[in-house]
Amino acid sequence: TNEQLMEAMQKLEDSLKDMNREDVMKAMEEMKFSMDDFNKKLENTLNLLENIKKEQAIQKALAISQEMEEIQNKINERTADNTASNEQLAQEQQAVSDRLESLEDQLEQVNDLLDEKKDQKLKEDLQELVDEMNNDKLEQDLSESKSNLLSGNKPKAQEAQESAQKKMAKISQKLKEMNDAFTSGSMQEISEIIAVTIKRLMTTSTIHQELVNRFVNDPFLIR
């Protein structure tokens, strides 16, 4: 804690004044323990921040996938009840294809953030998802829906749309499972941890500067 670190620093300063070798060594050891404890807490906080970044990347991918599902569902309904022109529906279908490209790019970013060792299971799940997306040929369904809409073949377009909808649902479900496995706690808890760590870091920096100021003019300093 900050109090323990301050106490260790005071003991070190007092020992240096008395020039008692045994006391100096003991005070330095206590100071080292306090610093090691602080560094460990700082490392844990940095790891937490890394996890938050990964979780946010997964959440963004999930949001894109769910948006695709929602748009596709509306396209399917409007195709079935003839409330929009084929050209309009084809344009909306192209928008879904564009979102699929965005999703693929986001999944690449997620993959880059995941660590081979620390995130081995998530990385394997992500690769499995990417492989499924490639094998399921979702992009082909979207393309067929668009081309059939433009040619006026609504039954074929609807067939491709329904297939695409099911595949999107699978993607969203997989991403949701990955996101649930990566929950790092409430934002309030995270904010509190970060605030405490920053406070400790600032205190340590202040202590370091005080130590430098106290001993920079030491006439017995060995250089």
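**Helices H3 and H6 in a predicted model**

Visitor: How do the axes of H3 and H6 cross, and what residues do these helices cover?

Guide: In this predicted model, helix H3 spans residues 86–113 and helix H6 spans residues 154–181. Their axes come within 13 Å and cross at roughly 25°.

Visitor: Why are H3 and H6 called roughly parallel to each other?

Guide: Angles under 35 degrees count as roughly parallel, and the axes of H3 and H6 cross at roughly 25°. H3 and H6 are therefore roughly parallel to each other.

Visitor: Is the crossing left-handed or right-handed?

Guide: The crossing in which H3 passes H6 is left-handed.

Visitor: Which residues meet there?

Guide: From H3, the residues are Asn86, Gln93, Val96, Leu103 and Leu107. They meet Lys154, Gln161, Met168, Ile171 and Leu175 of H6.

Visitor: And by class, what does that contact have?

Guide: The contact of H3 with H6 has 6 nonpolar, 3 polar and 1 charged residues.

Visitor: Turning to the whole chain, how many helices and strands are there?

Guide: The chain has 7 helices and 0 strands. Read from the N terminus, the order of elements is α-α-α-α-α-α-α.

Visitor: What percentage of the residues in the chain is buried?

Guide: Of the 223 residues in the chain, 34% are buried.

Visitor: What about the accessible surface?

Guide: The accessible surface of the chain is about 14200 Å². Carbon and sulfur atoms hold 51% of that surface.

Visitor: Last topic: what share of the contacts with a separation of 6 or more joins residues 24 or more positions apart?

Guide: Such residues account for 74% of those contacts in the chain.

How values were computed: Residues are numbered from 1 along each chain as its sequence is written. This is a predicted model: local features need pLDDT of at least 70, side-chain atom pairs count only at pLDDT 80 or more; totals for chains, interfaces and linings use all residues. Side-chain values use heavy atoms; hydrogens and water are left out. Axes are lines fitted to C-alpha atoms, for helices over the stretch in contact, and angles run from 0 to 180 degrees between N-to-C directions. Helices (H or I, at least four residues) and strands (E, at least two) are DSSP runs, numbered from the N terminus. Angles under 35 degrees count as roughly parallel, over 145 as roughly antiparallel, 65 to 115 as roughly perpendicular and the rest as oblique. A crossing is left-handed if the near helix is turned anticlockwise from the far one by less than a right angle, and right-handed if clockwise. Contact means heavy atoms within 4.5 Å. Ala, Val, Leu, Ile, Met, Phe, Trp, Tyr, Cys and Pro count as nonpolar, Asp, Glu, Lys and Arg as charged, and the others, Gly among them, as polar. Buried means under 20% relative accessible area, exposed over 50%, partly exposed in between (1.4 Å probe, protein chains only). Accessible areas come from the Shrake-Rupley method with a 1.4 Å probe; for residues, only the protein chains shown count as cover.
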